[in-house]
Amino acid sequence: MPFALFFLTTIYLITALQITPQVDEGLVGPSFIPVLASIFMYAALGFVVRGILNDPQKPQNDKQSLWVLAQMVIVTAAYILLFKKLGYPLSTFLFVYALLYIFSLEEKSYLKRIFYSAGITGIFYILYAICFNVRLPLFEGIS
Amino acid sequence: MEFIIEILQGFTAIADPIVLGFMVGGFFIGTFFGAVPGLTAVLAIALLLPITYSLDVVPALVMCAAIFMSGMYAGSITATTINIPGAPSSLMTSIEGNALMKKGHGANALGHAALGSMIGGVIGALLLICFTPVAARLSLLIQTPGKFSLILFALVVIVISNRDEIPKGSVTTLLGIMIATVGIDIMQPIARFHFGSELLVEGIDMMPLIIGTFAISEILVQLGKDKGGLTVDIKADDIPAIKRRDFLPPLAEVRRIGVWTYIKSSVIGYFIGILPGAGGSVAAFVSYAEAMRNSKHPNEYGKGSREGIAAAEAANNSMCGGAFVPMLMFGIPGDPTTAVVLGVLIINGLQPGPRLLENQLHLIAPMFASLFLSALILIPLTLFSLGPYFIKIVSIRKAILYPCIAVVALVGSYVATYSIFQMILALGFGIMAYFLRKQQYPTVPLLLGFILGPKLEQYLRRSLSLSDNNPLTFITSPDSLFLHCVNCSILLLHGNPEANRDNEMSIEFTGDPSVSIRHTT
């Protein structure tokens, strides 16, 4: 994590140094706080790395499979991308079905999963569209 | 006088059936989220934040206040019954409450927790009502350099409140400040850090950050746990029966705890609430330690002390009132929940500051009333009506609960602006927060840094612009100088290990579920 943040901070700092102010404000301009934040970030990351080096055998209780995490992220990203195209009812139904699968609900009972997916989709449709008058996409071209 | 009349009108606004419905609904939502381990009141308000777009400001704020109060109280339910604090602020209650539960006095412990929460909540709300006009007058005295110093003070307190992880707290605070700089500059019409994307020119909204950090990251974290199980994986039959008649704490026990303990703990909680970033867990811990230090029965602590429960619960509920003061007067949230409530205010076009009290008190007063009534009426009412069934209510299959949260989080981030980009941002921040949490980086400073960063920059640049770029303005301005002195004192005090060692109290978990306490004076 510190190295990823170091990388991001470096990109951020380079971009900050390229900011050209429209009006000269003197000492502080649009790039002042970003540059200052980057410097403090480097210092804080230095302390974090020092802490890691001083205590390298911290217990790792990370049992989470990266594959499960990746599944969740892929399913969520697909839901976001298809949300407007497929509309709320179909995309949410498929999303909830996939999540129920990922969360290991009734692994052998497809019917139960379909039932729960339809129920959850319906309940939140009522909540948003009917109770709070929110316009949810129904299908591409229909709203 | 006008202030008191407006506050009383706030109480009458609660009588509106719709507003009352939102208060009671919010209270139950907060109770559920507060009691289920892993879910918090912050998450509840974060999930409901998009809905507030389509609500009037009064019901939205009333609901938020009720969620805040109930979320603080409800953590004590699972803490007492199954020794799993529903919220971090209930850790001390779990030590004492569960010990009483094992002795067969579970209902009595829940009763004391509710009484402490009720008294703390009421005192916190009253102090909020009394001190808000004073804070408003004080805030008028603070000039631009002083405002910069105040924000800096808030950021320092936020960082050092992560006592064991100060470097990591600094990293996430700075990350929040950096995220907030994306978009149009606050003083000049130029876009920063948009990387060629038109969508980023508008800047990053608070909503996807809140939803990503508190909702999506929680779902990802839960995937690594017993994802198919129950939120409370204990059979209700395994827990001794809880009877309603035992909820009422006997007067002799209340006298033994002493009125002074309730008042002192509530005042401690309130003032800790004012400190940015400190929150309910610090309030409960400090007040518990103070009660233990002055107790006539210190040997009872760790073995089921009713006094300990009362002190911790009074403090964490009183904290709710305190946390609103800096948020309403300076736009500095006292804790993550008020940070999200600040989002509700901004969404509804209300700007924190003394003018909020002058011009829009009629919108804020019902929120004060909601805090007061939630503590005074809804806490005991909920305990008596739902107390025996709490564990059944909060035992829900994670496989059902988390997909529901995912739908609310993602659809919620869409409905706020009807933008798919907001959903993408929410997912991105969720993944980022997940990795931060896995590496033990605190994520609350990320949100507080995001909120306070632009204000820090604005006041810094304005102060220098007004003083012809003379940095001495931060020392020559008396309010600013005072705040810098406070800042330096805090840093010096924190950096002095001898001072920190004085009156140290630590809690050691020696395996599930036994807990040992070490108290050094």
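Residues are numbered from 1 along each chain as its sequence is written, and chains are lettered from A in the order in which they are written. In this predicted model, local features need pLDDT of at least 70 and side-chain atom pairs count only at pLDDT 80 or more, whereas totals for chains, interfaces and linings use all residues.

**Figure 1. Chain A and its helices.** The secondary structure of chain A consists of 5 helices and 0 strands, where helices (H or I, at least four residues) and strands (E, at least two) are DSSP runs numbered from the N terminus. Along the sequence the pattern reads α-α-α-α-α. Of the 143 residues in chain A, 27% are buried; a residue is buried if 20 or more other C-beta atoms lie within 10 Å of its own, exposed if 12 or fewer, and partly exposed in between, with C-beta atoms placed from the backbone. Among contacts in chain A between residues at least 6 apart in sequence, 51% link residues at least 24 apart. Two residues are in contact if their C-beta atoms, placed from the backbone, lie within 7 Å.

**Figure 2. Val49(A) in helix α2 of chain A.** Helix α2 of chain A contains Val49(A). Val49(A) counts as partly exposed because it has 14 C-beta neighbours inside 10 Å. Between Val49(A) and Phe3(A) the C-alpha to C-alpha distance is 9.1 Å, although 46 residues separate them in sequence.

**Figure 3. The interface of chain A with chain B.** Here 50 residues of chain A are in contact with 48 residues of chain B. On the side of chain A that touches chain B, at least two residues each come from α1 (2-17), α2 (32-54), α3 (66-86), α4 (88-102) and α5 (110-131) of chain A. By class, that side of chain A holds 37 nonpolar, 9 polar and 4 charged residues. Ala, Val, Leu, Ile, Met, Phe, Trp, Tyr, Cys and Pro count as nonpolar, Asp, Glu, Lys and Arg as charged, and the others, Gly among them, as polar. The model has an ipTM of 0.89 and a pTM of 0.79.

Figure 4. Chain B has 23 helices and 4 strands, and 57% of its 521 residues count as buried. Of the contacts in chain B with a separation of 6 or more, 78% are between residues 24 or more positions apart. The mean pLDDT (the predictor's confidence in each residue, from 0 to 100) is 81 for chain B, with 89% of its residues reaching 70 or more. Within chain B, helix α8 (residues 166-180) has the highest confidence, at a mean of 91, and strand β4 (residues 515-519) the lowest, at 41. Residues 502-521 of chain B have pLDDT below 50, and this stretch makes 22 contacts in the model beyond near neighbours in sequence. Where pLDDT is low, the predicted coordinates should not be read in detail.

**Figure 5. Ile7(B) and its neighbours.** Ile7(B) is located in helix α1 (residues 2-14) of chain B. Because 19 C-beta neighbours lie inside 10 Å, Ile7(B) is classed as partly exposed. Leaving aside residues up to four places away in sequence, Ile7(B) touches Ile129(B), Ala365(B) and Phe368(B). Ile7(B) and Leu361(B) are 7.8 Å apart, C-alpha to C-alpha, with a sequence separation of 354 residues.

**Figure 6. Helices α2 and α4 of chain B.** The axes of α2 (residues 17-35) and α4 (residues 57-82) of chain B come within 6 Å and cross at roughly 30 degrees, so α2(B) is roughly parallel to α4(B). Axes are lines fitted to C-alpha atoms, for helices over the stretch in contact, and angles run from 0 to 180 degrees between N-to-C directions. Angles under 35 degrees count as roughly parallel, over 145 as roughly antiparallel, 65 to 115 as roughly perpendicular and the rest as oblique. The crossing of α2(B) and α4(B) is right-handed; a crossing is right-handed if the near helix is turned clockwise from the far one by less than a right angle, and left-handed if anticlockwise. Residues of this contact comprise 21 nonpolar, 9 polar and no charged.

**Figure 7. Helix α14 of chain B with α15.** The axes of α14(B) and helix α15 (residues 336-347) of chain B come within 10 Å and cross at roughly 40 degrees, so α14(B) is oblique to α15(B). Their crossing is right-handed. Ala323(B), Phe324(B) and Met327(B) of α14(B) meet Thr338(B), Val341(B) and Leu342(B) of α15(B) in this contact.
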